Amino acid sequence: MASVEAPAPRDYAKETAETLRTQLELAPQKYAAEAEFAPKYQALQLNLLKQATPELLNLYKSQIAPTMGEVEAAARSRSRAGDIADIQALGPQARAAIQAASPEQAALADALTRQATSAVAAGSRLTPEQQRAVEQQTRAGLAARGLAGGPSGAVQEAVRSQMVGPGLQQARQQQAMGALGASQGVYGDVF
């Protein structure tokens, strides 16, 4: 059986010092070579880049950018589909959890939403109470001026009712927006 002898021990300090001395001895030659050839290499690379730029830009426009756009659009679509699936699957559970955690706030937000929905559905129509208030205000104004018995009273009541309607509709829409905000404040934005 052959025996293998261990190599002689290495002196890392000596090897490192010799390497450093050699680098220092060769530094002037290395510098001279780099000073002479670095500008030439740089000019060569710039020239190659100038020649390749039109092709690279064309490649980017015709293939890379469209492909990246398609990949990004597909990723966004998958992400949105996942979000929608999560909302469909987990939305009712999340709503129930919020209602259980804060029943008073949830009940208030739900009541505001129901009232706003009803008000928006009414559009510019006056409720019977509002119609009666408009009639009473018109009649009181006419009576104060001594015109209560005249034929123009009914016309003025109808005109005032029509004038109140659009403002009422706008107020109802604002009420609905407030109810939406309250609902989002309690239940959060689904996205």
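Trainee: Why is E15 called partly exposed?

Mentor: E15 has a relative accessibility of 29%, and since buried means under 20% relative accessible area, exposed over 50%, and partly exposed in between (1.4 Å probe, protein chains only), E15 counts as partly exposed. This is a predicted model, in which local features need pLDDT of at least 70 and side-chain atom pairs count only at pLDDT 80 or more, while totals for chains, interfaces and linings use all residues. Residues are numbered from 1 along each chain as its sequence is written, and side-chain values use heavy atoms, with hydrogens and water left out.

Trainee: What makes the contact of E15 and R10 a salt bridge?

Mentor: The term requires a side-chain nitrogen of Lys or Arg within 4 Å of a carboxyl oxygen of Asp or Glu, and the side chains of E15 and R10 meet at 2.5 Å, N to O, so the pair qualifies. R10 itself is exposed, because its relative accessible area is 52%.

Trainee: How do you know that K30 and E34 are separated by about one helical turn?

Mentor: They are four residues apart in helix α1, where a helix is a DSSP run of H or I with at least four residues, numbered from the N terminus. K30 also forms a salt bridge with E34, the closest N and O atoms being 4.0 Å apart.

Trainee: Why is K30 called exposed, whereas E34 counts as partly exposed?

Mentor: K30 is exposed because its relative accessible area is 53%, whereas E34, at 45% relative accessibility, is therefore partly exposed.

Notes. Helices (H or I, at least four residues) and strands (E, at least two) are DSSP runs, numbered from the N terminus.
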